[in-house]
Amino acid sequence: MKTVPSLTEDAMLWLLNHLGMITTTKLSDCGVTRRARDRLVAAHIIAPVHKNVYRITSAPLTLEARCASLCMAHPRGFITGPTAGRIVGLRRMQKSDVIDLSVPHGLELDLDVTSVRLRQSTKVADTDIQCRLDGINIAAPWRLAFDLAADLNPLDHASIIEQIIHDRMCGIGALRMIAKRLAHPTRPGSALFVQTLANRLPGGALESHPELQVAQALQARGVPVVAQTTWLALPNGRRARIDISAPEVKWGVEVDVHQCHLLLDGTTNDKRRDRQTRMIGWQVDRVTQLDLLDLDTTIDELVTLYEQRCTEFAARATA
């Protein structure tokens with residue numbers, strides 16, 4: 001009876017921890033000889049993916065697994081762009097089977113151009129790459145934010161910058177530093193990256209894409225708003241942070257897009273908080289998911305409410 005070849009325990013442990021991918025060098029280190037490797041391939045237990053990279057056929061060929069195989073095949077490269085954005089959970093990333101791989105300029109690779117979008121760069125610092133334990137080399141948050149400027153429209157790029165800062169992937173200082181290091185008239189995305197940083201609203205990072213939509217629209221209409229920076233001490237002893245506010249006239253906007261705001265408990269808490277803010281002289285208006293379906297009309301209403309609020313404050317000052 002013919003014996004079915006098997007992987008060593010060390011090789012199985014490596015495959016388990018590296019998304020089912022392994023190099024020929026690591027197979028050898030794990031006690032799998034070249035002859036044993038050929039038998040494993042013939043038995044369809046492992047299969048070649050790239051030159052000197054194999055995968056165990058029982059593991060799913062996920063996006064992350066494909067990225068790990070590319071990084072093992074090309075150790076000087078790293079995953080960036082929308083692919084890296086999806087892996088780390090950034091919003092506004094389009095789904096695609098194409099993997100964005102960045103490598104040093106001039107490096108020739110034997111790749112399937114239909115499944116890999118190759119980027120070449122002359123400026124890659126060690127700090128631009130984070131090497132994950134699963135074998136994926138991925139762009140650091142600051143590098144990813146810069147690279148994505150070549151892929152996204154201004155609103156979506158501004159949105160992911162807010163998310164990166166809000167989720168504490170990195171701070172505004174790191175983003176400014178990479179702008180100084182990489183921004184160049186001939187480098188794709190440079191102008192948008194610098195523009196995004198320069199046009200950020202004063203205050204903290206906005207938590208959601210709809211908040212950014214509303215804030216930018218108000219800013220474009222001349223309303224001097226700040227983001228996530230105004231805290232109110234309420235009469236009930238609690239504190240409340242206003243999503244978007246014009247503190248000079250004690251006016252704010254809450255963008256309620258989380259599902260909890262649709263439930264009875266959520267709407268009750270919102271109304272209770274609104275009463276509390278009115279008790280200390282603040283007017284807070286709310287924007288819901290339905291309001292966002294007609295954003296222009298909603299912004300028209302908010303601008304009118306802001307202007308009325310300014311008129312009220314001016315009248316008080318002269319009374």
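A polar contact is a pair of N or O atoms within 3.5 Å; within protein, one atom must be able to donate a hydrogen and the other to accept it, and residues adjacent in sequence count only if both atoms are side-chain atoms.

## Model and conventions

This is a predicted model, in which local features need pLDDT of at least 70 and side-chain atom pairs count only at pLDDT 80 or more, while totals for chains, interfaces and linings use all residues. Residues are numbered from 1 along each chain as its sequence is written, and side-chain values use heavy atoms, with hydrogens and water left out.

## Overall form

The protein chain contains 13 helices and twelve strands; these are DSSP runs numbered from the N terminus, with helices (H or I) of at least four residues and strands (E) of at least two. Its C-alpha trace spans about 100 × 50 × 35 Å along the principal axes. The radius of gyration, taken over C-alpha atoms, is 26 Å. A compact globule of 319 residues would have a value near 20 Å, by the rule of 2.2 Å times the number of residues to the power 0.38.

Of the contacts (heavy atoms within 4.5 Å) in the protein chain with a separation of 6 or more, 58% are between residues 24 or more positions apart.

## Surface and charge

Buried residues make up 45% of the 319 residues. Buried means under 20% relative accessible area, exposed over 50%, and partly exposed in between (1.4 Å probe, protein chains only). The protein chain exposes about 17400 Å², of which carbon and sulfur atoms supply 53%; the areas come from the Shrake-Rupley method with a 1.4 Å probe.

There are 38 positive and 35 negative side chains, and the centres of the two sets lie 5 Å apart. Lys and Arg count as positive and Asp and Glu as negative, without His and the chain ends.

## Arginine 119

Arginine 119 is found in strand E6 (residues 116–121). With a relative accessible area of 16%, arginine 119 is classed as buried. Its side chain makes polar contacts with the side chains of aspartate 151, at 2.8 Å, and aspartate 100, at 3.4 Å. Beyond four places in sequence, arginine 119 is in contact with residues including Thr80, Pro82, Leu101, Val103 and Asp147.

Helix H6 (residues 141–148) is largely enclosed by the rest of the structure, because seven of its eight residues are buried.

Alanine 43 is found in the loop between helix H3 (34–42) and strand E2 (46–50). Alanine 43 is partly exposed, with a relative accessible area of 34%. Alanine 43 and proline 5 are 38 residues apart in sequence, and their C-alpha atoms are 7.4 Å apart in space.

How values were computed
Charge placed at Lys NZ, Arg CZ, Asp CG, Glu CD.
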